[in-house]
Amino acid sequence: MSGIIGFMFLRTTVACLTVGACTLAFAAHSQTVVPRTRAVTDLVACRTVVADADRLGCYDRLVAALDQAEATGEVVVVERGQITEARRALFGFSVNPLPLFARGASEEPIEAIQSALRRASQGSSGKWLFVLEDGSVWLQTDSNALGRSPRPGADISVRQGAVGSYLLSVNGARSVRVRRQE
């Protein structure tokens, strides 16, 4: 009997270590910052050219190359506000954060979004489907009843719950568990 208990303990310990290692690897990956592109590194290096005419020639040549790379989509220039909007649009999806989202000033994680309700419908199972003004679609996953049927234009708040779950509230009422569909 003690052999079975020892085996179960060992199996549980290995599983815990594996999950822990995966969690640490994910945390390390999510904090990885993408290095500068060669185009930007080369452009910045023009500052070290001493002679004015040579430095201007360096800038002109590399700015033209960077402009061409941006025009063809080989290099993409993104403003911090666009990154914030992209992160907000991905709220509720299980995706690994892109390292480029980590460049520059650290951003607070998005823990909740507010929107207005575009429409809601209740399925045959009694669970609600919520379509928000921002285009996101959320499906109720628990069996909790809403106090009243949600109406278009209602204030919607979706926040992170425990263990990867999300909670949606209509006009500040009691929350229901939801999962992002679109």
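Start by selecting Asp142 in this predicted model: Asp142 is buried yet has no salt bridge, and the nearest side chain of opposite charge, Arg177, sits 5.2 Å away.

Now show the polar partners of Asp142. Its side chain makes a polar contact with the side chain of Gln140, at 2.8 Å. A polar atom of the Asp142 side chain also lies 2.9 Å from the backbone nitrogen of Arg177. Setting aside neighbours within four places in sequence, Asp142 is in contact with Lys127, Val176 and Arg177.

Next, follow the side chain of Arg177. Where does it lead? The side chain of Arg177 makes a polar contact with the side chain of Ser165, at 2.8 Å. Ser165 belongs to the loop between S4 and strand S5 (166–170), and Ser165 counts as buried because its relative accessibility is 16%. Beyond four places in sequence, the contacts of Ser165 are Arg159, Gln160 and Arg177.

Then select strand S6, residues 176–180. Val176, Val178 and Arg180 make up its covered face, while Arg177 and Arg179 are on the uncovered one. In a regular strand, side chains alternate between the two faces of the sheet.

Stay on S6 and look to either partner strand. S3 pairs with S6 in the antiparallel sense over three bridges, and Gln140 stands opposite Val178. S5 and S6 also run antiparallel, joined by three bridges, with Tyr166 opposite Val178.

For a last stop, select Asn171. This residue is in the turn of the hairpin formed by S5 and S6, which have five residues between them, and Asn171 has a positive phi of about 50 degrees.

Conventions:
Residues numbered from 1 in each chain as written. Predicted model: local features only at pLDDT ≥ 70, side-chain atom pairs only at ≥ 80, totals over all residues. Heavy atoms only, no water. Buried < 20%, exposed > 50% of the residue type's maximum accessible area, 1.4 Å probe, protein only. Lys, Arg positive; Asp, Glu negative; His and termini not counted. Salt bridge = Lys/Arg side-chain N within 4 Å of Asp/Glu carboxyl O. Polar contact = N/O pair within 3.5 Å; in protein donor to acceptor, adjacent residues only side chain to side chain. Contact = heavy atoms within 4.5 Å. Helix = DSSP H or I, 4+ residues; strand = E, 2+ residues; numbered from the N terminus. Pairing = 2+ DSSP bridges.
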